[in-house]
Amino acid sequence: LLFTAMSGGCNGRHAFAGVLADNPQSTRRREVEDFEEISVSMLRSFASSPRKVPSSQLARLRALQPIFNQLYDRISTDIEFVRDALGESASACAWGACETDVFRRVARLQALKPRLLLPNSVFLERADPSSCIARFVMSVGNVQAGEPYQLQLVHALQSAEYPLVRAGPLVTHCQAIATAAQLVHPACPCVAILTKPLDSLALRTRIDVRGVGHRLRTEHELAVVYVSMGELAACTLDSNGDLLLGGTGPGSGRRISVIYSRYDFSHPIGVFASSLDEVSAALVGEWATIERLESSSAVISSSLGCRLAHRRGVQRALQREGQLERFLSQDEAAMVRQHMPHQWHLGVAEERAEAELLVRRDPERYVAKNALRPRTGSGATQDRRASGGQIVSGAAELLRLLEDDARARHYIVYRREELQLHEAHLVHGGEEAQLPATISEIASYGAFLADASGAVLTNLHAGFGARTRPSDPEHPWAASLGFGALSCVEPVEG
């Protein structure tokens, strides 16, 4: 594998993170035959040293992740629970209704084939853990891992100087994907990596999926193809229910064993749609393709049921009395509950009344997030402003939200946490700086695989990662860093 090292201005440190260019004559869906010839260099911003976390806290997060894996898997086939949790969205929004209708038709089919989940849980470290139950509060649960390949490259850099640094999920996730593919087609397994089309795909994502594909091909000897939703729309099902690639390009006619999804299926516009006419025809047309994929023998790394299990409406429903215990033991439910944030839905009258009282009393202590969690753009920073998915914070913005009933019904209010600050040395845009006040979010990655009989083959914590950004939103790097510079985690005494 040919790497172009980024050096100079980095105190002699080198890091590697991805593909910059490949053969412009190659097709979108060619198999990964030429990765060794592709020039790669560091594109992603990164921290030159790992985020230090007390070993006792890492052990707790490590133990928690398999519980989350199991929770999401059980929700993903529970039609009744998902229907009740997302009932408001389904009744008020044409997109939500379409989503739950398709789920109702395919959920039982999902239970008849292997199920693969690769989720991650993102946590924020409280500044004063002595005043609360848990030091880390869960910020969000994601249906798929972000940037496992580039995180592995940052790990290669940091582990050379910090031997105890924890790895990310790349190795474990690729093993789970390979095992799932062999369950479906033992003789000729093939993995299709799903992303946006190249002309609208962020370079950082393109880099990452190429790295994942390369490992699947070289370490696990799998056939790997890259596809968009448009190309999957041309797929057909044979008499055995196998998903066959359509078209005339490389890989045409090949049976797909696993779809490793890096495509954002979230709500397209961030507000309830009274009609599907309010959504682009191309996105509405994806539902027929989604139903075909879900009905095939192919295993999807983030099935429709798994995606719904991560919706904010479902997360809110889990906070109701006895709902976690529907899926988990009492001890497991208690452990999960300690890390979940309190929330108030502005679309529910009694919760809105309480939230308004709290926010008007002290607006700086609260933030609001779009309950529909609309899909991002695919820019360098995953900017959510265009879709209405950005966090609403600050007294003026929050009070403005409360005055707008039509907009407020789509939002959930959370308590703003005072977060732990720390120093960090970041490399960003070819520059480096020692920042005295940064915050980090810690990602705990999971891997879950069950066979067609329902027997659990894998339920693991798959690794840790971190993203670090300036604590001051007015810092010159804050906007361009987005969610933060990639980093790894190092356990320390405590």
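**Reading a predicted protein model**

The mean pLDDT of the protein is 87, and 87% of its residues reach 70 or more; pLDDT is the predictor's confidence in each residue, from 0 to 100. This is a predicted model, in which local features need pLDDT of at least 70, side-chain atom pairs count only at pLDDT 80 or more, and totals for chains, interfaces and linings use all residues. Residues are numbered from 1 along each chain as its sequence is written, and side-chain values use heavy atoms, with hydrogens and water left out.

Q: Over which residues does pLDDT stay under 50?
A: Where pLDDT is low, the predicted coordinates should not be read in detail. Here, the stretch is residues 1-41.

Q: How many helices and strands does the protein have?
A: Helices (H or I, at least four residues) and strands (E, at least two) are DSSP runs, numbered from the N terminus. The protein has 16 helices and 22 strands.

Q: What order do the four strands of the open sheet have?
A: Two strands pair if DSSP finds at least two bridges between them. The order is E9-E8-E13-E14, with parallel pairing. Strand E9 (223-227) and strand E14 (299-300) are the edge strands, each pairing on one side only. Strand E8 (residues 190-194) is joined to E9 by five bridges, and leucine 194 stands opposite valine 227 in E9.

Q: What percentage of the residues count as buried?
A: Buried means under 20% relative accessible area, exposed over 50%, and partly exposed in between (1.4 Å probe, protein chains only). Of the 494 residues of this protein, 57% count as buried.

Definitions and conventions
Contact means heavy atoms within 4.5 Å.
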